[in-house]
Amino acid sequence: MSLNILSPTEVRVISFLDNSKSNTHLLKLQGGFSCKRKDRKVTFGKGIQCSAAPPPPAWPGTALVQPGTKNWNGPKPISIVGSTGSIGTQTLDIVAEHPDKFRVVALAAGSNIALLADQIKAFKPQLVSIKNESLVGELKEALAGADYMPEIIPGDQGVIEVARHPDCVTVVTGIVGCAGLKPTVAAIEAGKNIALANKETLIAGGPFVLPLAHKHNVKILPADSEHSAIFQCIQGFPEGALRRIILTASGGAFRDWPVEKLKDVKVADALKHPNWSMGKKITVDSATLFNKGLEVIEAHYLYGSDYDNIDIVIHPQSIIHSMVETQDSSVLAQLGWPDMRLPILYTLSWPERVHCSEITWPRLDLCKLGSLTFKAPDNVKYPSMDLAYSAGRAGGTMTGVLSAANEKAVEMFIDEKISYLDIFKVVELTCEKHQSELASEPSLEEIIHYDLWAREYAANVRPTSSGLTPALV
């Protein structure tokens, strides 16, 4: 195995630890790993400092197990919000493989009735929620003849009841967007731990959600691969040991394109991810690197690191899922094949490690892999990084506005209403407009309000002969 670090500093592998009960690996590096980001100037956020103190992080640079916290017998009872989506279906794959470890007590889904009916037959949840009341009859018809019929509650109230089901211990939040905020808040207020796969919970809701989680002594466990990697690396760290977070990124569809070609990007180009087949939105976010900019903000809220101590590095193989640097300059990394089931499993089983079959969970073979490479990201190719860091430093509602504006801009790009490079400008114009209304310590209502406002404002940014112009003033 070789590590090809495309930076001025050589890195030497000094130890490799293999946990045979999973395909998770920790790599310890020493020697000043450095792929530092250099901020470019953006036009919003100048002179803005969030006047409020930052909310308490979910994990202040360390993850320590509190003894005697288990309060259930047998398999751990879980609820899943977004059961028919990617996170939900992968969570249910885990439950199916480990029925001795986990059981499903409640499911919330959208409108995929056929899949939801199959999930009900297989896992027999006590409570089910679907998006629209008009679909209740269709679901009951799909379950006709089955030996089991759960309680069904439609609409927003149903999702909340699933999230705070009295028997559940952990809620998997796989629902997309700010629609995931209210059920997550309901779960926290009911004392449920959160297996977090919904980005808006922290990116938009961090200033409100984190104090609430501390108030109710609720654990927020990251279910995405990058933040799970960081979480795994800081297990048992003494207070103050964390120095820097290093988020790895694949680089997306345009990592090997020259900047000059980006003006000619078509939708089909942006949807050609070099490593994986994913949904359109996340694939475009990977191409723009907005996904990583948003993860920088999540890392700040999860672990309390200053933005100056959170870096991004391009790692094309996507084997190292992220790294942390300690105060003595050692670097710890978590490695594994790119498989979202692994971080989901860890959020469900933490602090335990669940033994997994080699048939369905291939173990990492570094000799077959050969080499791992890294390089610093190009701020000119990826303006999203500067936008994300600026929004993060502004704090309050700015980060939620950034995320919502990006989501709308990506939708407009996929619909061919704007160009690829316009995505960045739409987001920047929306954030600029929000400066005068930024709320430093927002309520839940303000967070949701500005999410909707940002989508509407971004939707009305229109191309003109001289560039992009907001239609709403």
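In which loop is Leu135 found?

**Figure 1. Leu135 in the loop between β6 and α3 of the predicted model.** Leu135 is found in the loop that runs between β6 (127-129) and α3 (136-142). Its relative accessible area is 13%, so Leu135 is buried. Leaving aside neighbours within four places in sequence, Leu135 is in contact with Gly110, Ser111, Ile113 and Ile130. Ser111 lies 24 residues from Leu135 along the chain, and the C-alpha atoms of the two are separated by 7.5 Å.

**Figure 2. Crossing of helices α1 and α12.** Two packed helices are described by the angle between their axes and the distance between the axes. The axes of α1 (residues 86-97) and α12 (residues 341-349) come within 10 Å and cross at roughly 65 degrees. The two helices are therefore roughly perpendicular to each other. The crossing of α1 and α12 is right-handed. On the α1 side, the contact is made by Ile87, Gln90, Thr91 and Ile94; on the α12 side, by Arg341, Ile344, Leu345 and Leu348. By class, the contact of α1 with α12 has five nonpolar, two polar and one charged residues. An α-helix has 3.6 residues a turn, so residues three or four places apart point the same way.

Figure 3. Pro351 lies in the loop between α12 and α13 (366-369).

**Figure 4. Surroundings of helix α14.** Helix α14 (residues 384-394) is mostly covered, and 10 of its 11 residues are buried. The buried residues are Ser384, Met385, Asp386, Leu387, Ala388, Tyr389, Ser390, Ala391, Gly392 and Ala394. They pack against helices α10 (280-288), α11 (290-303), α15 (398-414) and α16 (422-434), and against strand β12 (310-314). Just after α14, Gly395 takes a positive phi of about 75 degrees.

**Figure 5. Positive phi at Asn217 and Ser318.** Asn217, a residue other than glycine, has a positive phi near 55 degrees. Asn217 lies in the loop between α7 (206-215) and β10 (220-222). At 51% relative accessibility, Asn217 counts as exposed. Ser318 is not a glycine either, and has a positive phi of about 55 degrees. Ser318 is found in the loop between β12 and β13 (320-326). With a relative accessible area of 7%, Ser318 is buried.

**Figure 6. Confidence of the prediction and the stretches 1-24 and 28-38.** The mean pLDDT of the protein is 88, and 86% of its residues reach 70 or more. Over residues 1-24 the pLDDT is below 50, and this stretch has 71 contacts in the model beyond near neighbours in sequence. Over residues 28-38 the pLDDT is also below 50; here the model has 51 contacts beyond near neighbours in sequence. Where pLDDT is low, the predicted coordinates should not be read in detail.

Note on methods
Residues numbered from 1 in each chain as written. Predicted model: local features only at pLDDT ≥ 70, side-chain atom pairs only at ≥ 80, totals over all residues. Heavy atoms only, no water. Axes fitted to C-alpha atoms, helices over the stretch in contact; angles between N-to-C directions. Helix = DSSP H or I, 4+ residues; strand = E, 2+ residues; numbered from the N terminus. Parallel < 35°, antiparallel > 145°, perpendicular 65-115°, else oblique. Left-handed = near helix turned anticlockwise from the far one by under 90°. Contact = heavy atoms within 4.5 Å. Nonpolar A, V, L, I, M, F, W, Y, C, P; charged D, E, K, R; others polar. pLDDT = per-residue confidence, 0-100. Buried < 20%, exposed > 50% of the residue type's maximum accessible area, 1.4 Å probe, protein only.
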